Amino acid sequence: MYRTTRTIPVRKHIALVAHDSCKQSLVAWTKKHCEALSPHQLYATGTTGNLLAKETGLEIKALLSGPMGGDQQLGGLIAEKKIDMLIFFWDPMNAAPHDPDVKALMRIATVWNIPVAINQSSADFLLHTALLQQPVEIEIPDYERYLQERLK
């Protein structure tokens, strides 16, 4: 696959996701980091998004609930280059019925090379990096070139 770059802007589009058993941890983490998160555009799967908005007062674009297609919606936004960062408080101890959707979400985040945090410590690292406050160039698949080559 050909590669190209895209620039993640200063105002990041950040997705916040949590398994049911981790929702309160994500709420607490988000409350703690409201000031750092507020300049950015926030997205979340349905239940998590509504809970975060209610508990923190932050403006959050809520998608569908994860098991109802929200994970797939989020994956689509990543593939469209509309999400710059994913913070997913994941519960590795409890299998969820929509685990294939979660795996697909993690795969698409990796394909499109966006920063991903899967627990509080990695989320702290992402939120406190100097790169959060500046444009960042990342390498991504060059899908347009791929299509041009395939159609020759």
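Predicted model: local features only at pLDDT ≥ 70, side-chain atom pairs only at ≥ 80, totals over all residues.
## Two helices side by side

Let's start with a pair of helices. Helix α4 covers residues 70-79, and helix α5 covers residues 99-111. Their axes come within 9 Å of each other and cross at roughly 10°. Angles under 35 degrees count as roughly parallel, so α4 runs roughly parallel to α5.

Who does the touching? On the α4 side you'll find D71, Q72, L74, G75, I78 and A79. On the α5 side, the contact is made by D101, V102, L105, I108 and A109. If you sort the residues of this contact by type, you get seven nonpolar, two polar and two charged.

Now for the inside. The largest nonpolar core has 22 residues. Among its members, L16, L26, W29, I87 and F89 touch the most other members. Several elements give two or more residues to this core: the strands β2 (13-18), β3 (41-44) and β5 (85-89), along with the helices α1 (23-32), α2 (34-37) and α6 (120-127).

Take L26 as an example and skip its neighbours within four places in sequence. What is L26 in contact with? The list is L16, V17, A18, T48, L52, I87 and F89. Look back at the core and you'll spot L16, I87 and F89 there too, listed with L26 among the residues that touch the most other members.

There's also a second, separate core, made of 20 residues. Its members include A15, L63, L74 and L86.

## A stacked pair of rings

The count of aromatic pairs in this model comes to two. One of them is formed by Y143 and Y146. Their rings sit 5.9 Å apart, centre to centre, with 25° between the planes. Planes under 30 degrees apart count as stacked, and that is how this pair is classed.

Both tyrosines belong to helix α7 (residues 143-150). Because they are three residues apart in that helix, about one helical turn separates them. Are they buried or exposed? Y143 has 40% relative accessibility, so it counts as partly exposed. Y146 comes in at 28% and also counts as partly exposed.

With 34% relative accessibility, L147 is another partly exposed residue. L147 and G76 are 71 residues apart in sequence, and their C-alpha atoms are 18 Å apart in space.

Next, have a look at H13, which is in strand β2. Its relative accessibility is 22%, so H13 counts as partly exposed.

H13 and L86 are 73 residues apart in sequence, yet 8.8 Å apart in space, C-alpha to C-alpha. Once you leave out the neighbours within four places in sequence, H13 is in contact with Q41, Y43, K82, I83, D84 and M85.

## Two loop residues with positive phi

The phi of K81 is near 65°, a positive value in a residue other than glycine. You'll find K81 in the loop between α4 and β5. K81 has a relative accessible area of 31%, so it is partly exposed.

N113 has a positive phi too, near 60°, and it is likewise a residue other than glycine. N113 lies in the loop between α5 and β6 (116-117). Its relative accessible area is 35%, which means N113 is partly exposed.

Notes
Residues numbered from 1 in each chain as written. Heavy atoms only, no water. Axes fitted to C-alpha atoms, helices over the stretch in contact; angles between N-to-C directions. Helix = DSSP H or I, 4+ residues; strand = E, 2+ residues; numbered from the N terminus. Parallel < 35°, antiparallel > 145°, perpendicular 65-115°, else oblique. Contact = heavy atoms within 4.5 Å. Nonpolar A, V, L, I, M, F, W, Y, C, P; charged D, E, K, R; others polar. Core = buried A, V, L, I, M, F, W, Y, C linked by side-chain atoms within 4.5 Å. Buried < 20%, exposed > 50% of the residue type's maximum accessible area, 1.4 Å probe, protein only. Phe/Tyr/Trp six-rings, centres within 6.5 Å; stacked < 30°, edge-to-face > 60°.
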